[in-house]
Amino acid sequence: MKMAQRKATGTAGKRAAMAEGRGSANDAAPPKDRRRERGEASVQRIIDATIDLIAEEGLASVTMQRIAEQVGSSNALVVFHFRSKENLFRAVLQYLSDRYDELWATLVRAPGLSPVDRLLGAVDCAQRFARQHPKWVSVFVVFSSDRRSMQIYNEIGLPSDLAYTAEARELLIEISRSGGYAGVDINTLSESLNYLVHGAWYWDHLNPSGRDTNVLRKTMLLLLHQAFPRHFDLMR
């Protein structure tokens, strides 16, 4: 009986010790999570500061030291997170590309949308992104027009741009087919819409005062109305 009690006591003790050990491990987890969160917040502050500098001054004046001063940290911290300015630029462009893709997915790829609704979502995506985040658009323009950063843009930004254009082209094909439209030059229409977006973004970068107009959306709808008059209303 005593042996059974000792075994029970020993087993209970082991369980208590294991529970205590688990409790200690769980207690130690939050600090690790907080450290990770602080690290992620630090990375985001650096990316945001880099976006501000590029949008306002271009790429030439951006240095790791200036970014560190912008976020109120040490140069060593910026180097610790990104190692080099090129890596930082890649992180910035990837961040912006991901944000645009999120908006595109919401407006264009949501379940249940018709091809017309999806194409209108693509139209709205370009204008909404520019209005809500003008500095982001300026950074896109700078990356795609500066020879030194063109390679980074071609690796990160261009594939997404080509994918959006291809996706819009498939929507145009579907609308043309289902609507019984004949003689519509889908390739030219698709590229024209793409040119309008990039042209508008470039002009908004040069002329910020005209950014809040509806010209981009109206012009895109005009082209779509001319091609598919039964599907696109100029008053939308």
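Me: What share of the contacts in the protein with a separation of 6 or more comes from residues 24 or more positions apart?

Reply: The share is 66%. Keep in mind that this is a predicted model. A contact here means heavy atoms within 4.5 Å.

Me: How many helices and how many strands does the protein have?

Reply: The count is 9 helices and 0 strands. Read from the N terminus, the order is α-α-α-α-α-α-α-α-α.

Me: What percentage of the residues is buried, and what makes a residue count as buried?

Reply: Buried residues are 36% of the 236 in the protein. The label needs a relative accessible area under 20%. As for the surface, the accessible area is about 13,600 Å². Carbon and sulfur atoms hold 54% of that area.

Me: Why is I152 called buried?

Reply: I152 has a relative accessible area of 6%. The cut-off is under 20%. I152 sits in helix α7, residues 150-179. Leaving out residues up to four places away in sequence, I152 touches E86, F89, R90, L93 and G157. E86 is 66 residues away along the chain, yet the two C-alpha atoms are 8.5 Å apart.

Me: How do you know that α4 is roughly parallel to α7?

Reply: The axes of α4 and α7 cross at roughly 15 degrees. Angles under 35 degrees count as roughly parallel. Therefore α4 is roughly parallel to α7. Their axes come within 8 Å, and the crossing is left-handed.

Me: Which residues make that contact of α4 and α7?

Reply: From α4, they include E86, F89, R90 and L93. From α7, I152, Y153, I156 and Y164 are among them. By class, the contact has 10 nonpolar, 3 polar and 5 charged residues.

Me: What makes α5 roughly perpendicular to α6?

Reply: The angle between α5 and α6 is about 105 degrees. The range for roughly perpendicular is 65 to 115 degrees. The angle falls in that range, so α5 is roughly perpendicular to α6. The axes are 5 Å apart. Helix α5 covers residues 115-132, and α6 covers residues 134-145.

Me: Which residues of α5 and α6 meet?

Reply: F129, A130, R131 and Q132 of α5 meet P134, W136, V137 and F140 of α6. By class, that contact has 6 nonpolar, 1 polar and 1 charged residues.

Me: At what angle do α4 and α5 pack, and what is the handedness of the crossing?

Reply: The angle is about 145 degrees, with the axes 8 Å apart. The crossing is right-handed. Helix α4 spans residues 85-108. Its residues in this contact include L96, R99, Y100 and W104. On the α5 side, D117, R118, G121 and F129 are among them. By class, the contact has 10 nonpolar, 1 polar and 5 charged residues.

Me: Is T106 buried or exposed, and how do you know?

Reply: T106 has a relative accessible area of 53%. Exposed means over 50%. So T106 is exposed. T106 lies in helix α4. The C-alpha atoms of T106 and R118 are separated by 9.9 Å, and the two residues are 12 apart along the chain.

Me: Why is R83 called exposed?

Reply: R83 has a relative accessible area of 60%. The cut-off is over 50%, so R83 is exposed. R83 is in the loop between α3 (75-82) and α4.

Me: What is phi of R83 near?

Reply: Phi of R83 is near 70 degrees, a positive value in a residue other than glycine. Most residues other than glycine have a negative phi.

Me: What makes V197 a buried residue?

Reply: V197 has a relative accessible area of 11%. Buried means under 20%. So V197 is buried. V197 is in helix α8, residues 186-206. Beyond residues up to four places away in sequence, V197 touches A126, L216 and M220. L216 is 19 residues away along the chain, and the C-alpha atoms of V197 and L216 are 7.2 Å apart.

How values were computed. Residues numbered from 1 in each chain as written. Predicted model: local features only at pLDDT ≥ 70, side-chain atom pairs only at ≥ 80, totals over all residues. Heavy atoms only, no water. Axes fitted to C-alpha atoms, helices over the stretch in contact; angles between N-to-C directions. Helix = DSSP H or I, 4+ residues; strand = E, 2+ residues; numbered from the N terminus. Parallel < 35°, antiparallel > 145°, perpendicular 65-115°, else oblique. Nonpolar A, V, L, I, M, F, W, Y, C, P; charged D, E, K, R; others polar. Buried < 20%, exposed > 50% of the residue type's maximum accessible area, 1.4 Å probe, protein only. Areas by Shrake-Rupley, 256 points an atom, 1.4 Å probe, with all protein chains shown as cover. Left-handed = near helix turned anticlockwise from the far one by under 90°.
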